[in-house]
Amino acid sequence: MYKHFFKRFLDFWISLFFVIVSSPVLLVVTIWLHFANKGAGAFFLQERPGKDAKIFKVIKFKTMTDERDADGNLLPDEERLTKVGRFVRSTSLDELPQLINVLKGDMALIGPRPLLPQYLSLYSPEQMRRHEVRPGISGWAQCHGRNAISFTERFKLDVWYVDHCTLLTDLKVIWITLKKVVRRDGISEEGQATMEPFNGKN
């Protein structure tokens, strides 16, 4: 009952409350990033697969510039990630606009993190099960390493969540996530500004 009804009900009203409460923070961060990103804007929309692999556009704060090299290629992530962007990402403020996705029904507060559409063809049938529920702003895998664990480990944790989606599990995720945000733990993989792309093996 929780998984198929009450979870969505709670997600909507909790998200609406936090959008209202955090609106001053959203405004300040938007203005801050507008100037820090050198004209690249404060938000970005990116296609991600949601429940049943249906594609939607996730909303996030933009933490990088659009600077390119002499050939017109984007510079590496670590060179485009600004000091302001690094702070916004390390404090997880970049995730706040996804509350809009939750209100729209594209996402849940808790669930497997939505990844890139090009990964869909690389998933095993078991890994594909992560799309049986709505993706979340945070999830069981984020409680056990965030970006600092391998995709293989992350997908196992995602599938575990699909099979154990309860109110108690979601409350555990919220509590652990808050602790990790405060500690700024597991923001990126070692040697990476964000995280290494998935290649079907890692």
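The dialogue below treats helix packing, then aromatic pairs, then cavities and pockets.

Mentor: This is a predicted model, in which local features need pLDDT of at least 70 and side-chain atom pairs count only at pLDDT 80 or more, while totals for chains, interfaces and linings use all residues. Residues are numbered from 1 along each chain as its sequence is written, and side-chain values use heavy atoms, with hydrogens and water left out.

Trainee: How is the packing of two helices described?

Mentor: Two packed helices are described by the angle between their axes and the distance between the axes. Helices are DSSP runs (H or I, at least four residues), as are strands (E, at least two), numbered from the N terminus. Axes are lines fitted to C-alpha atoms, for helices over the stretch in contact, and angles run from 0 to 180 degrees between N-to-C directions. Helix 1 (residues 2-21) packs against helix 2 (residues 23-36) at about 60 degrees, with the axes 4 Å apart.

Trainee: Why are helix 1 and helix 2 called oblique?

Mentor: Angles under 35 degrees count as roughly parallel, over 145 as roughly antiparallel, 65 to 115 as roughly perpendicular and the rest as oblique; helix 1 and helix 2 are therefore oblique to each other. Val19, Ile20 and Val21 of helix 1 touch Ser23, Pro24 and Leu26 of helix 2, contact meaning heavy atoms within 4.5 Å.

Trainee: Which residues join helix 2 and helix 4?

Mentor: Helix 2 contributes Val29, Trp32, Leu33 and Ala36, and helix 4 contributes Val84, Gly85, Phe87 and Val88. The angle between helix 2 and helix 4 (residues 83-90) is about 145 degrees, and their axes lie 9 Å apart.

Trainee: How many aromatic pairs are there?

Mentor: Rings of Phe, Tyr and Trp (its six-membered ring) pair if their centres lie within 6.5 Å; planes under 30 degrees apart count as stacked, over 60 as edge-to-face and the rest as tilted. The count is nine aromatic pairs. For Phe43 and Phe61 the ring centres are 5.0 Å apart and the planes at 25 degrees, so the pair is stacked. Phe43 lies in strand 1 (residues 43-49) and Phe61 in strand 2 (residues 55-61), 18 residues apart.

Trainee: What volume has the largest cavity?

Mentor: On a 1 Å grid over the protein atoms alone, a cavity is a set of points where a 1.4 Å probe fits but cannot get out, and a pocket is an open set with protein on both sides within 12 Å along at least five of seven lines; lining residues have an atom within 4 Å of a point. Grid points are joined across faces, edges and corners, and a volume is the space filled by probe spheres set on the points. The largest cavity has about 40 Å³, and its lining includes Pro49, Arg113 and His131. The second largest pocket has about 190 Å³, and helix 1 gives the most to its lining, with six residues.
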